[in-house]
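Let's take a friendly walk through this structure together. Have the sequence and the 3D view at hand as you read.

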Amino acid sequence: MSDVSRPSPSDTGSEARPARTAAVIPAAGRGVRLGPGAPKALRALNGTPMLIHAVRAMAASRAVSLVVVVAPPDGAAEVKSMLDAHALPGGTPSGSWGSTDFLVVPGGASRQESVRLGLDALPPGYDIVLVHDAARPLVPVDTVDAVIEAVREGAPAVVPALPLADTVKEVEPATAPGTPEPVVATPERARLRAVQTPQGFDRATLVRAHETVTGDVTDDASMIEQLGVPVVTVPGHEEAFKVTRPLDLVLAEAVLARRRLNDGF
Ligand code: CTP
Ligand code: MG
């Protein structure tokens with residue numbers, strides 16, 4: 001990686017034995033909003049599967065020593081060989097990626113269930129856990145390191161967040177698609193944040209949240225909030241956007257092309 005000379009939290013901690021960090025990558029979704037095709041995480045961006053970009057983004061942090069990939073329920077074997085194929089050119093044995101080990105487990109029907117299955121597979125000895133969407137393949141390593149650093153400094157839950165560009169309205173959702181929806185409220189935009197991943201956690205707190213919170217959630221931090229445990233934000237990054245709709249693929253490939261140009265000169 002191009003950042004190997006830059007110190008990362010694993011080097012700067014003053015504790016005798018810094019907490020080890022693992023990343024769980026939920027990658028089991030179908031990608032319905034992206035349109036028909038392979039599961040979203042397995043689709044290519046500039047020739048490389050989105051999931052491989054996401055694993056590289058986690059492994060780029062020197063603090064991350066294990067990545068647990070949660071694969072589509074029937075695709076664990078395919079994902080394992082895909083990871084091996086992309087890791088082996090570096091000369092590392094099966095199941096590792098440079099100094100980062102990886103595991104692959106099959107996922108579940110919801111993101112929440114997939115994350116829980118990833119946590120279940122996590123060996124002992126990792127006290128800090130990142131949860132990172134495979135659908136955010138381009139998150140910069142500085143954002144990953146900032147999240148880890150904040151957990152190391154004592155926050156039980158940390159989310160990267162950005163201010164919103166759009167004004168947001170709360171509505172009474174229409175029952176038929178395309179019909180007008182009554183506006184209920186306009187939250188003050190300056191107090192709103194769009195949150196990204198990786199979200200970082202004290203492992204025991206995250207495991208407790210997954211054991212006790214059963215309602216539907218769209219991110220892990222909201223489960224921690226439901227426990228009454230504080231969650232804090234750190235600055236997110238515009239390149240950590242989630243690939244959701246077809247236009248996002250165009251943007252992701254443009255970001256990769258720009259990086260390639262910048263790396264070349
Ligand atoms: N995810 C998962 N298991 C599921 C559903 C989602 O691991 N059962 C993962 C996705 O693979 C993705 C992340 O959660 O990396 C964020 O979800 P999202 O962007 O909604 O992806 P999909 O669910 O695949 O997309 P869609 O909702 O459009 O089908
Ligand atoms: Mg989804």
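A residue counts as buried when its relative accessible area is under 20%, with a 1.4 Å probe and protein chains only. Please keep in mind that this is a predicted model. With that cut-off, we can look at Trp97: its relative accessible area is 12%, so Trp97 is buried. Phe102 has a relative accessibility of 5%, and therefore Phe102 is buried as well.

These two residues also meet each other. The count of aromatic pairs comes to one. Trp97 and Phe102 form that pair, with 6.3 Å from centre to centre and 70 degrees between the planes. Planes over 60 degrees apart count as edge-to-face, so this is the label the pair receives.

Now let's turn to the ligand. Where does ligand 1 sit? You will find ligand 1 in the largest pocket. Around ligand 1 there are 18 residues, and the closest are Pro26, Val32, Arg33, Ser114 and Lys242.

A backbone N or O atom of Pro26 lies 2.8 Å from an oxygen atom of ligand 1. For Arg30, a backbone N or O atom is 3.2 Å from an oxygen atom of ligand 1, and Ala134 likewise has a backbone N or O atom 3.2 Å from a ligand 1 oxygen atom. On its own, ligand 1 has 560 Å² of accessible area, and the protein covers 87% of that.

Technical notes:
Residues numbered from 1 in each chain as written. Chains lettered and ligands numbered in written order. Predicted model: local features only at pLDDT ≥ 70, side-chain atom pairs only at ≥ 80, totals over all residues. Heavy atoms only, no water. Phe/Tyr/Trp six-rings, centres within 6.5 Å; stacked < 30°, edge-to-face > 60°. Buried < 20%, exposed > 50% of the residue type's maximum accessible area, 1.4 Å probe, protein only. Near = heavy atom within 4 Å. Polar contact = N/O pair within 3.5 Å; in protein donor to acceptor, adjacent residues only side chain to side chain. Areas by Shrake-Rupley, 256 points an atom, 1.4 Å probe, with all protein chains shown as cover. 1 Å grid on protein atoms, 1.4 Å probe; cavity = no way out; pocket = protein on both sides within 12 Å on 5 of 7 lines; lining within 4 Å. Sits in = over half its atoms within 2 Å of the grid points.
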